[in-house]
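This report goes through one protein model, from its strand pairing to its cores and overall figures.

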Amino acid sequence: MFTKYGRDVILRVLVISILLIVLGYLSHNKILEIILLVVVVLFNIFMFYFFRDPERNPPHLDDGEIVSPADGKVVLIKEIEFVGNEFFNAGEKLIQLSIFLSPLNVHINRFPMSGTLKYVKYIPGKYLVAFDDKSSLNNERSEFGIESGGKKLLFKQIAGFIARRIVYDCKENSQVKAGDRFGMIKFGSRMDLLFKPGAKIYVNLGDKVKAGETKLLKLIS
């Protein structure tokens, strides 16, 4: 199964592939024709692999439990002083949990909790490498805030050095369900989650997680 978020890229790649194959054929150069054919085949295999969209089976979530919004590796868990937005206040102490997505990970993003999507904002920015902590504040990103029963979670799709295309199809004040797809970050990047201290965190640095399947933590407030 391939994601709808990648149809435009896949279509462009197929068109370019056809043109390259035709170019190789018209060149009457057998070596060039073979080289172009190999390049086309390998690139198409990568494109279809990258835009795969496997089904996931979300676990049962108790009140306040959060499931991973992205596939990848946990690279950061620390307390920060938040700079502030319309969802959390400036200077508020929060815990930041960051997940790094390599180009080989599934890149479909899923809602980490059920509730009301209170905050959605796209922020243009730089394209620092995604594992740089500064990318959380300086890179192009989309920010989302979900609230449920007084518990709040902010999470961010962050573009990286290679990933320069963030896609999402959700709107403020809509009701969302944990594990449902909401977008993707094309070609590797980072997902940050921010929440109030006191939460019970289930994962450790270096753990590999899956969107819609791996429980990350349990919010207290």
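Two strands are said to pair if DSSP finds at least two bridges between them. The model described here is predicted.

**Strand E10 and its partners**

By that criterion, strand E10 (residues 181–185) has pairings with E4 and E8. Strand E4 (residues 108–110) runs antiparallel to E10 and is joined to it by three bridges. Strand E8 (residues 166–168) is likewise antiparallel to E10, again with three bridges. Met 184 of E10 has Ile 108 opposite it, and Val 167 also stands opposite Met 184. Four of the five residues of E10 are buried, so the strand is mostly covered.

**The eight-strand sheet**

An open sheet is built from eight strands with antiparallel pairing, in the order E9-E5-E6-E7-E11-E3-E2-E13. Which strands stand at its edges? They are E9 (175–176) and E13 (208–209); each has a single partner strand, so one side of each is left without a neighbour in the sheet. At the E13 end, strand E2 (residues 72–81) pairs with E13 in the antiparallel sense over two bridges. Gly 72 has Val 209 in E13 as its bridge partner.

| Strand pair | Sense | Bridges |
|---|---|---|
| E2 and E13 | antiparallel | two |
| E4 and E10 | antiparallel | three |
| E8 and E10 | antiparallel | three |

In soluble globular proteins, nonpolar side chains tend to be buried together. The largest nonpolar core here has 27 residues, and Leu 97 and Phe 155 touch the most other members. Two or more residues each come from strands E3 (93–101), E5 (115–123), E6 (141–148), E7 (151–159), E11 (189–195) and E14 (215–218). E3 gives the most, with four residues. Not counting residues up to four places away in sequence, Leu 97 touches several residues, including Val 74, Leu 76, Ile 77, Met 191, Leu 193, Phe 195 and Leu 216. Apart from this core lies another of eleven residues, among them Val 9, Val 13, Phe 51 and Val 106.

**Overall figures**

The protein contains three helices and 14 strands. Its C-alpha trace spans about 70 × 35 × 35 Å along the principal axes. Of its 221 residues, 47% count as buried. Among contacts with a separation of 6 or more, 73% involve residues 24 or more positions apart.

Key: Residues numbered from 1 in each chain as written. Predicted model: local features only at pLDDT ≥ 70, side-chain atom pairs only at ≥ 80, totals over all residues. Heavy atoms only, no water. Buried < 20%, exposed > 50% of the residue type's maximum accessible area, 1.4 Å probe, protein only. Contact = heavy atoms within 4.5 Å. Core = buried A, V, L, I, M, F, W, Y, C linked by side-chain atoms within 4.5 Å.
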